[in-house]
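These are my notes from a walk through one structure. I looked up the overall layout, then the sheet, then the charged pairs and the surface.

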Amino acid sequence: MEERRMDESRRSVHKVYLNARKTAVLSGVRDVLSFDAKEVYLETEQGILLIQGDELHVNRLSLEKGEIDVDGRIDSLAYSDKEETGKKAASFLGRLFQ
């Protein structure tokens with residue numbers, strides 16, 4: 001039981017390390033909603049995070065640890081509130097099936 005609490009407390013910390021707009025290392029990631037070469041949608045402990053750029057690659061993903069590494073040309077990082085999660089996912093799916 002104690003070990004589970006430690007894992008949950010470690011996972012709840014959300015950090016973003018951005019190196020020269022080419023590499024991003026993130027923790028506190030709950031889920032990857034979608035990704036392609038131009039956008040990566042993540043559900044984090046601090047809300048939905050949209051990473052936009054070009055030639056984006058997800059190099060390492062560990063949802064058990066809540067960590068992800070993204071490489072490529074990173075142009076922007078944008079957050080939205082947790083309450084808007086359903087709206088963002090729905091709008092993404094709407095664009096996908098247009």
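How many bridges pair E2 with strand E6 (residues 67–80), and in which sense? I found five bridges, and the sense is antiparallel. I counted two strands as paired if DSSP finds at least two bridges between them. One bridge I looked up joins alanine 24 to valine 70 in E6.

**Entry: ground rules.** I am reading a predicted model, where local features need pLDDT of at least 70, side-chain atom pairs count only at pLDDT 80 or more, and totals for chains, interfaces and linings use all residues. Residues are numbered from 1 along each chain as its sequence is written, and side-chain values use heavy atoms, with hydrogens and water left out.

**Entry: overall layout.** I noted two helices and six strands. Both kinds of element are DSSP runs, numbered from the N terminus: helices (H or I) have at least four residues and strands (E) at least two. Along the sequence I read the pattern α-β-β-β-β-β-β-α. The protein has 98 residues, and 32% of them count as buried. For burial I used relative accessible area: buried is under 20%, exposed is over 50%, and partly exposed is in between (1.4 Å probe, protein chains only).

I also looked at contacts, meaning heavy atoms within 4.5 Å. Among those between residues at least 6 apart in sequence, 44% join residues at least 24 apart.

**Entry: the sheet.** I traced an open sheet of six strands in the order E1-E2-E6-E5-E4-E3, with antiparallel pairing. E1 and strand E3 (29–35) are the edge strands, and each pairs on one side only. From one strand to the next, the twist averages 35°. That angle is between axes, which are lines fitted to C-alpha atoms (for helices over the stretch in contact); angles run from 0 to 180 degrees between N-to-C directions.

Next I followed the hairpins. E3 and E4 form one, with three residues between them. Five bridges join this antiparallel pair, and valine 32 stands opposite leucine 42 in E4. Another hairpin links E4 to E5 through two residues. E4 and E5 pair over six bridges, again in the antiparallel sense. There I saw glutamate 43 opposite isoleucine 48 in E5.

How many residues of strand E4 (residues 39–44) are buried? I noted five of its six, so the strand is mostly covered.

**Entry: charged pairs.** Side chains of opposite charge can pair when their charged atoms come close. My rule for a salt bridge was a side-chain nitrogen of Lys or Arg within 4 Å of a carboxyl oxygen of Asp or Glu. By this rule the count comes to seven.

Glutamate 45 pairs with arginine 30, with the closest N and O atoms 2.9 Å apart. Is glutamate 45 buried or exposed? It counts as buried because its relative accessibility is 14%. Arginine 30 is partly exposed, at 33%.

I then checked arginine 60, which forms a salt bridge with glutamate 67. Their closest N and O atoms are 2.9 Å apart. Arginine 60 is partly exposed at 33%, and glutamate 67 is partly exposed at 25%.

Aspartate 75 forms a salt bridge with arginine 73, at 2.8 Å between the closest N and O atoms. Arg21, Arg73 and Asp75 are linked in a network.

**Entry: positive phi.** Most residues other than glycine have a negative phi. Arginine 21 has a positive phi of about 55° and sits in the loop between strand E1 (15–19) and strand E2 (23–27). Glutamate 55 has a positive phi of about 55° too, and it is found in strand E5 (residues 47–62). Glutamate 55 is exposed, because its relative accessible area is 54%.

**Entry: surface.** The protein exposes about 6600 Å², and carbon and sulfur atoms supply 51% of it. These areas come from the Shrake-Rupley method with a 1.4 Å probe.

Which residues make the nonpolar surface patch of about 320 Å²? I listed Val16, Leu18, Leu77 and Tyr79. Patch residues have over 30% relative accessible area and no salt bridge; nonpolar side chains (Val, Leu, Ile, Met, Phe, Trp, Tyr) are joined within 5 Å, like charges within 9 Å. E1 and E6 each give two or more residues to the nonpolar patch. Leucine 18 belongs to strand E1 and is partly exposed, at 42%.
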